[in-house]
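Me: I am new to this structure. Please walk me through how to read it, one feature at a time.

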Amino acid sequence: MALTLRSSTSFINLKEIKSSKPLNDFSSTVCFAQLKPKCPLKVMSSMQQAQLSSERILPLEGGKSEQNEKFQGVSLSHSKTDPMVPVFVMLPLDTVSMGGHLNKPRAMNASLMALKSAGVEGVMVDAWWGLVEKEGPLKYNWEGYVELVKMVEKHGLKIQVVMSFHQCGGNVGDSCSIPLPPWALEEISKNPDLVYTDRSGRRNPEYISLGCDSLPVLRGRTPIQVYSDYMRSFQQRFQDYLGNIIVEIQVGMGPCGELRYPSYPESNGTWNFPGIGEFQCYDKYMRASLEASAEAAGKKDWGRSGPHDSGKYNQFPDDTGFFRKEGTWNTEYGQFFLGWYSAKLITHGESILAAAEGIFQGTGAKLSGKVAGIHWHYGTRSHAAELTAGYYNTRTQDGYLPIARMLSKHGVVLNFTCMEMRDREQPDYANCSPEGLVRQVKMATKLAGTLLAGENALVRYDAGAFAQVLATSRSDSGNALCAFTYLRMNKRLFEGENWRQLVEFVRSMLEGGRDMRNSKIDSSKTDLYVHFIVEERVKAKEAALV
């Protein structure tokens with residue numbers, strides 16, 4: 001991911017930017033500063049940036065999808081002047097408490113008021129499986145989310161809701177811990193093979209292994225049935241808000257809500273950037289699938305285990321026999337294994353999305369699915385970190401077009417991270433290219449006929465990051481963005497300079513990526529400075545909303 005606060009997979013070496021750890025647990029007092037207009041964001045087209053690394057050309061195939069009509073009310077075509085890009089803001093991970101109530105409602109109310117005045121389209125929130133179905137199978141508590149949705153409606157905002165079937169905790173930016181439901185953890189304790197397992201036997205409790213998707217291992221229900229029942233309960237509880245207030249359902253399909261394997265877990269120091277990660281195919285269900293696939297291919301020996309020479313979490317590609325330049329990945333065996341491993345992931349995603357499509361069809365809410373922005377070792381031949389995560393993407397193989405086509409089949413928007421990252425910010429030794437990766441994904445979605453939305457991978461407040469998002473939001477190389485979600489709302493976002501940067505960014509996105517400049521007097525009466533708090537004569541004084 002490129003690593004997001006909720007999820008993800010990106011790392012950045014900010015050589016020119018000083019930052020501190022973001023605060024997600026803001027108190028009931030929210031501060032805003034009087035803002036002075038400053039120079040606008042300087043934005044270059046992504047085709048003009050001098051620092052771009054040479055673009056990799058892949059033998060992509062494809063055409064227009066017959067599923068385009070499933071995207072409700074959004075055109076897939078783009079003119080020379082790109083359309084407005086609505087901006088959403090992610091809410092804190094603990095927006096709803098472990099007790100099922102809305103956290104700090106007065107602070108939330110004030111924050112939503114400010115976001116509305118800045119021109120933000122809406123917010124995004126995680127609907128945690130571990131909170132909602134905590135009390136037992138089929139016992140759902142949506143009340144904290146009901147309170148939030150009503151508050152969002154009151155402020156004239158929209159909301160994107162994430163069906164978060166993963167645990168919170170153990171990844172970059174995870175500021176709180178929300179495990180899977182206790183009754184699910186009880187089943188895992190009885191049968192540890194229900195979760196992903198690496199070659200050394202390490203179990204990962206972030207998410208149920210896709211190897212048991214079709215088996216009734218969760219008190220008589222399959223994982224796909226559990227996820228379907230959860231989404232159906234949500235649809236029934238919020239049917240009056242779907243399509244008008246709740247405009248998007250992002251369907252979680254793996255750790256951090258992303259369609260991937262947990263190949264680079266940070267908990268307990270297991271993995272550190274820019275390690276290649278490890279394959280997660282050693283629970284008994286995944287092993288049985290591999291064995292059956294190998295036998296069907298007439299290569300029974302290939303099903304005995306995963307690759308023996310793929311190295312450890314924190315190694316580099318050249319340290320291993322599998323991922324080095326002319327390694328096992330490019331042999332007949334390597335192609336078989338990687339094909340099986342990636343196909344299992346796509347099948348898993350399709351199973352969940354097919355269920356979601358049936359449940360939310362006709363509600364007016366769009367569906368989206370998140371794909372991780374794994375940009376480290378992108379400059380090598382094997383793309384090792386992507387391979388261990390389940391993306392069969394190498395210098396000669398496009399791993400994102402099959403995913404984009406699967407999403408297009410079900411009318412699902414592809415949500416991608418690391419939109420704010422630039423190649424020159426990354427350490428040379430990691431062979432990163434977030435810009436090259438974004439270009440590839442933009443082209444894959446264009447060929448597949450699916451819409452593309454974006455997120456930033458890490459919390460950024462600087463003009464450079466916002467300018468990069470503006471550049472990548474355009475359609476000059478593949479799809480333009482249909483929406484962007486900013487990560488994440490916290491205390492620092494509302495500080496004077498940070499807030500000013502966000503306001504300018506939102507206005508620029510609403511103008512199709514064109515530069516905007518705030519005037520000293522807000523004659524458009526958009527209340528950018530929250531007029532009931534800040535008086536004209538106050539130039540540098542903070543005021544508090546309680």
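**Reading the model step by step**

Reply: Helices (H or I, at least four residues) and strands (E, at least two) are DSSP runs, numbered from the N terminus. This is a predicted model, in which local features need pLDDT of at least 70, side-chain atom pairs count only at pLDDT 80 or more, and totals for chains, interfaces and linings use all residues. Residues are numbered from 1 along each chain as its sequence is written, and side-chain values use heavy atoms, with hydrogens and water left out.

Me: How many helices and strands does the protein have?

Reply: The protein has 12 helices and 14 strands. Of its 546 residues, 62% are buried. Buried means under 20% relative accessible area, exposed over 50%, and partly exposed in between (1.4 Å probe, protein chains only).

Me: Which residues of helix H9 are buried?

Reply: First the general idea. An α-helix has 3.6 residues a turn, so residues three or four places apart point the same way. Now the case: H9 spans residues 401–409, and Leu401, Ile403, Ala404, Met406, Leu407 and Ser408 are buried there. They pack against helices H7 (332–360) and H10 (434–448), and against strands S10 (366–371) and S11 (412–416). Contact means heavy atoms within 4.5 Å.

Me: Which residues other than glycine have a positive phi?

Reply: His383 is one of them, with phi near 55 degrees. His383 sits in the loop between S10 and helix H8 (384–389). His383 counts as buried because its relative accessibility is 1%. Cys418 is another, with phi near 60 degrees. Cys418 lies in the loop between S11 and H10. Its relative accessible area is 1%, so Cys418 is buried too.

Me: Where are cis peptide bonds found?

Reply: One runs from Phe273 to Pro274, with omega near 5 degrees. Pro274 is in the loop between strand S9 (246–251) and helix H6 (284–296). Another runs from Leu487 to Arg488, also with omega near 5 degrees. Arg488 belongs to the loop between strand S13 (481–486) and helix H12 (496–510).

Me: What is in the largest nonpolar core?

Reply: In soluble globular proteins, nonpolar side chains tend to be buried together. A nonpolar core is a set of buried Ala, Val, Leu, Ile, Met, Phe, Trp, Tyr and Cys residues joined through side-chain atoms within 4.5 Å. Here the largest has 150 residues, and Trp129 and Ile249 have the most contacts inside it. H7 gives this core its largest share, 14 residues. A second, separate core has 7 residues, among them Phe88, Val247, Cys482 and Ala483.

Me: How many aromatic pairs are there?

Reply: A pair of aromatic rings is described by the distance of the centres and the angle of the planes. Rings of Phe, Tyr and Trp (its six-membered ring) pair if their centres lie within 6.5 Å; planes under 30 degrees apart count as stacked, over 60 as edge-to-face and the rest as tilted. The count comes to 38 aromatic pairs. Take Trp129 and Tyr227: their pair is edge-to-face, 6.0 Å centre to centre, with 85 degrees between the planes. Trp129 is in helix H2 (residues 129–132) and Tyr227 in helix H5 (residues 223–237), so the pair links distant parts of the chain, 98 residues apart.
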